[in-house]
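I opened a new notebook page for this structure. My plan is to look up a few places in turn and write down what I find.

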Amino acid sequence: MRVITVANQKGGVGKTTTSVSLGGLASAQGYRVLLIDIDPHGSLSTYFRQDPDSQELSSYTLFQERKELTRESVKRLICATDYPNIDLITSATALATLERQAIGQDGMGLVIARALALIYDDYDFVF
C-alpha cells in the first residue's frame, strides 16, 4: 500500500481534483484505490454523491473509535463507488470540531496510520 497525502490549508487549490485524478489514473491501471476524505467541507465525498452532513459512519468515526479500531470497524466505514477499483471513506462536518477535541488526547496524529495498517493488503494506493 502506498499512501499519498494531498494537503494544503488553503481552500480552492485543487486538493479534491488532484485526489480524484490520481485515484482515477491508478484505478484505470488496475490498482485498488481507497480515497479518504478528512476535510470537513467534504468536497471529495460530494464528488462521489455522498452527503457529509448526513454520514452516520465517516472518517470522523475513525477518531471517535481510535482506541478500539479493528479491521472490521475500519472496513465498515468503506463505501464502494460507482467507479471500478475505487472505494471511499467519507467526510463528516463533525471533523471541524476535531482539532479542539484533540487537545490533550494521545495518539490523535496516528489514527489514520493505525487504521490503514489494519487494511494494508486490501489496497494498492490510498489518497
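**Entry 1: the sheet**

I started at Cys79, whose bridge partner in strand 4 is Leu88. I note here that the model is a predicted one.

Strand 3 and strand 4 (residues 86-89) run antiparallel, and three bridges join them.

**Entry 2: strand 2**

I moved on to strand 2 and its partners. With strand 4, strand 2 pairs in the parallel sense over four bridges. I picked out Ile36, and its bridge partner in strand 4 is Ile89. With strand 5, strand 2 also pairs in the parallel sense, over two bridges. Here I found Leu34 opposite Val126 of strand 5.

Then I looked at where the side chains of strand 2 go. Val33 and Leu35 point one way, while Leu34 and Ile36 point the other way. Are these residues buried or exposed? All of them are buried.

**Entry 3: Ser91**

I looked for Ser91 and found it in the loop between strand 4 and helix 5 (98-102). Its relative accessibility is 0%, so Ser91 counts as buried. What does the side chain of Ser91 reach? It reaches the backbone oxygen of Asp39, at 2.5 Å.

I also listed the contacts of Ser91, leaving out residues up to four places away in sequence. Among them are Asp37, Asp39, Pro40 and Gly42. Others on the list include Ser45, Pro52, Gln55, Ser58 and Ser59.

**Entry 4: Asp51**

Asp51 came next. It sits in the loop between helix 2 (43-47) and helix 3 (59-64). I read a relative accessible area of 38% for Asp51, so it is partly exposed. The side chain of Asp51 reaches the backbone nitrogen of Asp53 at 3.0 Å.

I then compared sequence and space for Asp51 and Thr93. They are 42 residues apart in sequence. In space, their C-alpha atoms are 9.5 Å apart.

**Entry 5: aromatic rings**

Last, I looked up the aromatic pairs. How many are there? The count comes to four.

One of them is Tyr47 with Phe48, an edge-to-face pair. The centres are 5.0 Å apart, with 75° between the planes. Tyr47 has a relative accessible area of 45%, so it is partly exposed. Phe48 is at 10% relative accessibility and therefore counts as buried.

I turned to Phe125 and Phe127. Their ring centres are 5.9 Å apart and their planes stand at 10°, so this pair is stacked. Both Phe125 and Phe127 are buried. Together with Tyr31, they form one aromatic cluster.

Notes:
Residues numbered from 1 in each chain as written. Predicted model: local features only at pLDDT ≥ 70, side-chain atom pairs only at ≥ 80, totals over all residues. Heavy atoms only, no water. Buried < 20%, exposed > 50% of the residue type's maximum accessible area, 1.4 Å probe, protein only. Polar contact = N/O pair within 3.5 Å; in protein donor to acceptor, adjacent residues only side chain to side chain. Pairing = 2+ DSSP bridges. Contact = heavy atoms within 4.5 Å. Phe/Tyr/Trp six-rings, centres within 6.5 Å; stacked < 30°, edge-to-face > 60°.
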